[in-house]
Amino acid sequence: MIELRNATKVFPDGTRAVDGVSLSIGEGEFCILLGPSGCGKTTTLKMINRLVPMTSGEIFVGGREIRGLRVTELRRRIGYAIQEIGLFPHMTVAENIVTVPRLLGWSKGRRRQRASELLELLGLTPTRDFLDRFPSELSGGQRQRVGVARALGADPSILLMDEPFGAIDPITRERLQDEFLRIQREIRKTVVFVTHDIHEAVNLGDRIALMRSGRLVQFATPALLLAQPADDFAKGFVGADRSLKALRLTRVRDVMDPKPPFVGLDEGLESALRLMREHKVTFLPVVDGEGRFVGWVGAADLERRGGTVRERLTAYAVLGAPDMPLNEALALMFESAVGNLAVTDGDRRLIGLVTFNRLFVFLQQNYEKTAPEEVAS
Amino acid sequence: MTRHVAFYALLAILLGLTGWMTSLGRVGFFTMAPPAKLVAAVAEHLEIVWIAELLAIAAGVPIGFSLSRRSVRYVAPIISGAASVGQTVPTLALVGIFSVLIGLGLKAAVIALFVYTILPIVRNTYAGLASVDPAMKEAARGMGMSRWQVVRRVEFPLALPVIMAGIRTSTVLNVGSAAVAGMIGAGGLGEIIMTGVSVRVVELVLQGAAPTAALAIVLDRLLEAVTTWATPRGLRVPQHEQGT
């Protein structure tokens, strides 16, 4: 959908703001341009809609070289969202949103309807009063949403977003990110998104292009970027806690023991004890006759011999789902007295088990590969 | 509220003074301007102001606009600065110079006033357009507006309050300057004032001066209303703050 070939921007003062960047972004892909300030990420973005003219190289949008298109036409086909400052203060919410449809000559009725549709998509109620408000009458979060709605105005297949959530508080920002992901799943635009925030990048992106001094350092999925940073700069930028950041990218199903040990409610305590020794665990999941998870039995409860598991059961309601991100799973494990997480399907049937040990081994395998070098340097 | 009271009180005093002076009819050997002549003088006065102002807007706004373009960004502050300096030249001097160059009469007066009036308009148009946030202009271009669409839909609406302020200032200045123009035989209320000064009749001076002042404050009021009307609602002080 978007392809950059050796895109280069040299400013009149000789600064090579963007230096031979080549990127290929597929249709419906959410691509993040990430890097510290001054790394050329915003310049790269602005080269795509020709706000910054390229010095050399080529950029293709939808298969056509951008300099072969009329510049206004190119821009009207690409949604553009910037920090909240970009809303026109002298135009109402509705007028702002349909800026591009108006340029394209849509009728008044159709524009009004489009504005309502988009507000609804972004979780705002399109009352008459709201449509006719001015940006100065909105909260920061509302302004941001209107900014995104405006970028979607004429339903472009491509969105360029320059830190659109940059100027708001972290809590609202995270909520907007999640909402935007939900919307993106629905509308499947090709998105190029500039940010300097690694969390935002990991949270939103399908792929991340990490830049430094105008050059592309690494272009990879968030998981890969965190697991195998290409060089010291990348390693430093993703942060020392990259393994923790990776938790939210990994699902429970990738870590859980898919054939966990368990005991039936009516089995004897001896067999429970045997299983615990065998698997070196202190808690064992307990299932009923239909294989449904009902709780735990712990080693401490087994001091007195004799009887069945049912008598020593600790009923426990906290369950993990296979699609749960690991950071949530970890939080549940910390909160529970058991320290393990039973993974169940929709019918509460036990399908897996996550233990701290498994988590630790998994993270070590994936994120500690570069550790010896770190020690050496 | 206090402003309203002050405005109407002042206006009442000025108009009352005008009426009183006119009703005197004669002072010693001298005849006051009869009502018909006074009305004609006000009309003439307004004509001078009006023509000079329109010409100044017609020329000043485009000049201010040109100055705000990127291509002249190094010269613009110099010209804008010159315009500010130009404004310190007294009206009297300017009117004098033009009366010598062009000859006495309406034409010289209008040209002198035009030159004087155009300065605040050029300066404010330039300042208003230059103060529009570049990020705003870039956002407009980034969404596919042509150069002129950016000017028309974004830059001018945002600069309008400042441009209007320039027009308002220049109009009020103009009413005063037009009185000076009476000295070079351009007619208007200045002529009544000049006559009064030359024969040393205070009442006659007042008969011309009071309506001049009234005219200035009324026009100022009128243009204030026009400015408010022309300012997009979103640029006025927000009426209420909204929470999330």
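The model is a predicted one, in which local features need pLDDT of at least 70 and side-chain atom pairs count only at pLDDT 80 or more, while totals for chains, interfaces and linings use all residues. Residues are numbered from 1 along each chain as its sequence is written, and chains are lettered from A, with ligands numbered from 1, in the order in which they are written.

Select chain B to begin, and colour it by secondary structure: nine helices and two strands are there, and from the N terminus on they follow the order α-β-β-α-α-α-α-α-α-α-α. Along the principal axes, the C-alpha atoms of chain B fill a box of roughly 75 × 50 × 25 Å. Of the 244 residues in chain B, 40% are buried, a residue being buried if 20 or more other C-beta atoms, placed from the backbone, lie within 10 Å of its own.

Next, select residues 35-67 and 106-130 of chain B, which are helix H2 and helix H5; their axes come within 6 Å and cross at roughly 35 degrees, where axes are lines fitted to C-alpha atoms over the stretch in contact and angles run from 0 to 180 degrees between N-to-C directions. The residues of this contact between H2(B) and H5(B) comprise 21 nonpolar, four polar and one charged; Ala, Val, Leu, Ile, Met, Phe, Trp, Tyr, Cys and Pro count as nonpolar, Asp, Glu, Lys and Arg as charged, and the others, Gly among them, as polar.

Finally, show both chains: 23 residues of chain A are in contact with 22 residues of chain B, contact meaning that the C-beta atoms of two residues, placed from the backbone, lie within 7 Å. On the side of chain A that touches chain B, helix H2 (71-76) and helix H4 (99-103) of chain A are the elements that give two or more residues.

Methods:
Helices (H or I, at least four residues) and strands (E, at least two) are DSSP runs, numbered from the N terminus. A residue is buried if 20 or more other C-beta atoms lie within 10 Å of its own, exposed if 12 or fewer, and partly exposed in between; C-beta atoms are placed from the backbone.
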